[in-house]
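Trainee: Please take one part of this model and go through it closely. I would like a single connected account.

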Amino acid sequence: MKSDELVEEALKASADELIELAEKASPLLIRGEIHQSGAEVMGRLVKLPRTGKAIVVGDIHGDILSLQHVLSDSRFTERAGSGEELWLIFLGDYGDRGQRSPEVYYVVLKLLELFPGRVVLLRGNHEGPDDLLASPHDMPYHFIAKFGHEDGIRAYRAIRELWDKFYIAVLVEGLAVMLHGGAPSRARDLEDVAFAHEKHPEEPHLEEILWSDPEEGITGALPSWRGAGRLFGPDITRRFLLMMGARTLVRGHEPCELGYRFNHGGLILTLFSRKGPPYFNEMAAYLELDLSMNLSSAEDLEPSIRTF
């Protein structure tokens, strides 16, 4: 199925059809179908092999047109359907802030159904646990506007039940670690990342993975203006990458004027894959990552960044 057909189907979908997709997605996430593609799963951490490619998508926030462009431009469905060793990794924040949140979720979950071993859904701060839910949380109103009050609430609840099953991070050893927000400043080992959801709220790792942002010119981690997560300096990034065995951190979470930005002297790449109000970034971007490449800096990835 081509991306345009997926979007057309999403625009026409009923609440019951979206709920059915969510019900199918739940066991796919729990069983970890991604094992069949050569990946490994540890808790909520996905470890990908150093072969093939990955399409990495930042925040979408209910922008179905940006999602449609990424899928069409990357030709993910055609390439994955032909047997190419290709993953599609979403860095989180599928809904909120955009009225097409139901349609975005329909397309993402349909992709998971069609390619269960090739689609990785990471958790963003807009898919957080109840005590860390982003505010204002306007997604329920998008569902009600599309489906009506009763059906909209049913569909919204079905989607929300999936959030605890989303992965937290992706690791390609020797290359990159991918997550939504930032490096957990107090993580001690790989297990603190892989099982951050189980250690929350006693330990702050999940909060920082979902909410934190890199900051230039500081050492350590400071309270964030967001009211959750931390602002972390390059020393935290270096320590985190060393702990994870990766060269760069690929994240979303922050709008970027060009759709992408480098931080911490080339240790971090931020991707933002939607554009327009309420964020007002003029461009958006996604990444086509060669998982076998050698990397000295995140800036080496610039030729692989696709802007639109």
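Mentor: A helix here is a DSSP run of H or I with at least four residues, numbered from the N terminus. The model is a predicted one. His-142 has its place in helix H6, which covers residues 139–147. His-142 has a relative accessible area of 13%, and buried means under 20%, so His-142 counts as buried. Its side chain reaches the backbone oxygen of Gly-98 at 3.0 Å. Leaving aside residues up to four places away in sequence, His-142 touches Asp-96, Arg-97, Gly-98, Gln-99, Ser-101 and Pro-102.

Next come the aromatic rings. The count of aromatic pairs comes to eight. One of them joins Tyr-94 and Tyr-105, with 5.6 Å centre to centre and 45° between the planes, and is tilted. Tyr-94 sits in the loop between strand S4 (86–90) and helix H5 (101–114), while Tyr-105 is in helix H5, eleven residues apart. Tyr-94 counts as buried because its relative accessibility is 1%. Tyr-105 is also buried, with a relative accessible area of 1%.

Phe-143 and Tyr-156 make an edge-to-face pair, 6.1 Å centre to centre, with 70° between the planes. Phe-143 lies in helix H6 and Tyr-156 in helix H7 (residues 149–160), so this pair ties together parts that are 13 residues apart in sequence. Phe-143 and Tyr-156 are both buried.

Tyr-94 and Tyr-105 also belong to one aromatic cluster with Phe-90 and Phe-166. As for charge and ring, the charged end of Arg-118 sits over the ring of Trp-87, 4.4 Å from the centre of that ring.

Notes: Residues numbered from 1 in each chain as written. Predicted model: local features only at pLDDT ≥ 70, side-chain atom pairs only at ≥ 80, totals over all residues. Heavy atoms only, no water. Helix = DSSP H or I, 4+ residues; strand = E, 2+ residues; numbered from the N terminus. Buried < 20%, exposed > 50% of the residue type's maximum accessible area, 1.4 Å probe, protein only. Polar contact = N/O pair within 3.5 Å; in protein donor to acceptor, adjacent residues only side chain to side chain. Contact = heavy atoms within 4.5 Å. Phe/Tyr/Trp six-rings, centres within 6.5 Å; stacked < 30°, edge-to-face > 60°. Lys NZ or Arg CZ within 6 Å of the ring centre and 35° of its normal.
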